[in-house]
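I want to look up charged pairs first, then a bit of strand pairing.

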Amino acid sequence: QVTVIGGGPAGYVCAIRLSQLGLKTACVESRGTLGGTCLNIGCIPSKSLLNLSEQFYKAKKFSQLGIDIGEVKLNLSMMMKNKDKAVDSLTKGVEFLLKKNKVSYFKGLGSFKSQNQISIKYKDKITVIETEKTVICTGSEPISLKGVKIDEKKILSSTGALSIPSVPKKMVVIGAGYIGLEMASVWSRLGSEVHIVEFLDHILPGMDKEISSEFIKILNKQGINFHLKTKVESITNSNSSVIIDTKNDKGKSLKFESDVVLISVGRKAHTENLNLKLIGVEIDKNGKVKVNKNFETNIKNIYAIGDVINGPMLAHKAEEEGIAVAELIAGQSGHVNYDVIPGVIYTSPEVASVGKTEEELKELKYSYKVGKFPFLANSRAKAIDLPEGFVKILSDSKTDRVLGVHMIAHHAGELIAEMSLAMEFGASSEDIARTCHAHPTFSEAIKEAALSVDKRTIHS
């Protein structure tokens, strides 16, 4: 009844929900393992390396805390094996979930033979299945710079950055977004000299400016070097190194000679090879599939979700769309609240955000209040020597409804869930301020930031 093309977070979640709703469902995935970019070469392996590299970094400083363990040595191959073990376990877990939910899983490259026929090419064999409805969710792939070919050896995408065989002495990262900062953190902790080149005048494009300004200071202290307002002119791959020629906004040229360079300038929808033109599905100039509010394309009974449509390219956004479109197909009323989709950068400390930034509110000419609280004044953060960062809450001046929350904190990725839930229920900053938070916890900083909205913090 429904065929889902793509087995990533959007696809496998959608397929499971469709089957739960009683629809005979197939899921087609070309990679050979389920989970998409996120599980195979994105979110999961990167979080594994972020965690392991942070443990290594901390272990080198244990003696300063009264814990003597002798010389700490890096075993990179073992670290990579641990990363791969986590990925393998989770991909097999997703395959089990499809089987448990009676979803037919087809390995191979899926494409449209007609509006109701899906051709699946696996090795030398082609299988054609008949389908009433189809959901396109083939994800995204990294973008390179014009004229620069990624070889995943010296010129890397995020995929190659997850599997460097030895710690590079010097690494240049092009782009100061989520992926660039996370990978820079991993390799910096493991011993690389890391330089980040960013065209804009700030890091984390789209993030609240106050957060990005504070965060760059923290990363600088960690030894990561930033070159803002700097454009890449050319990248030359020689036998021994990579030469990156750049020019800043004042016209000054700066040349980097590096062991590797990571191109982290964004991703694009992976919609080629689907034969969308054959069946007439409309795409925009960026290759993204055009859909209406119910995720329907211009062709009846063909839908699209996840990275192939507009919106943030986040696994959890894709999952929410997977659930929503499945319920809509089944005649229910699925929806996604795009105003309450959190974003997290899993560095140390983490950065998390949900809702509007202060810049967006100013642009919308919104009347708002601001509440802030530093972790330097949080007892738990001080007790375990993790006092970096702050919580910032933006609320409506008239109604006090929370409009946005932004934070830098250890565990920020977990803390942001409270505020996402609060915003989903239309909470005010007063609601947060009057909710009892356990002591001593990092979450108390959220309560204090909410109190700060009306200038009544207790601990700062």
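Is D84 buried, partly exposed or exposed? I get partly exposed, with a relative accessible area of 42% for D84. My cut-offs: buried means under 20% relative accessible area, exposed over 50%, and partly exposed in between, with a 1.4 Å probe and protein chains only.

Ground rules before I go on. This is a predicted model, where local features need pLDDT of at least 70 and side-chain atom pairs count only at pLDDT 80 or more, while totals for chains, interfaces and linings use all residues. Residues are numbered from 1 along each chain as its sequence is written, and side-chain values use heavy atoms, with hydrogens and water left out.

**Entry: salt bridges**

I looked up the total, and the structure holds 16 salt bridges. The term covers a side-chain nitrogen of Lys or Arg within 4 Å of a carboxyl oxygen of Asp or Glu. Side chains of opposite charge can pair when their charged atoms come close.

Back to D84: its side chain meets that of K83 in a salt bridge, 3.4 Å from N to O. K83 is buried, at a relative accessible area of 4%.

Next I checked E327 and R17, whose side chains form a salt bridge at 3.1 Å, N to O. E327 sits in helix α9 (residues 315–329) and R17 in helix α1 (residues 9–20), so this pair ties together parts 310 residues apart in sequence. Helices here are DSSP runs of H or I with at least four residues, strands are runs of E with at least two, and both are numbered from the N terminus. I also noted that E327 and R17 are both buried.

Then D245 and K255, a salt bridge with the closest N and O atoms 2.8 Å apart. D245 belongs to strand β14 (residues 242–248) and K255 to strand β15 (residues 253–258), so the pair links parts 10 residues apart in sequence. K255 counts as exposed, at 57% relative accessibility.

I also found a network: salt bridges link D208, E210, E358, K372 and K392.

**Entry: strand β23**

How many residues of strand β23 (residues 402–409) are buried? Eight of the eight, so the strand is largely enclosed by the rest of the structure.

I looked up its partners, counting two strands as paired if DSSP finds at least two bridges between them. Strand β20 (residues 350–355) pairs with β23 in the antiparallel sense over six bridges, and G355 has G404 in β23 as its bridge partner. Strand β22 (residues 390–396) and β23 also run antiparallel, joined by five bridges; I393 stands opposite V405 in β23.

Last stop was the hairpin of β22 and β23, with five residues between the strands. There D400 takes a positive phi near 70 degrees.
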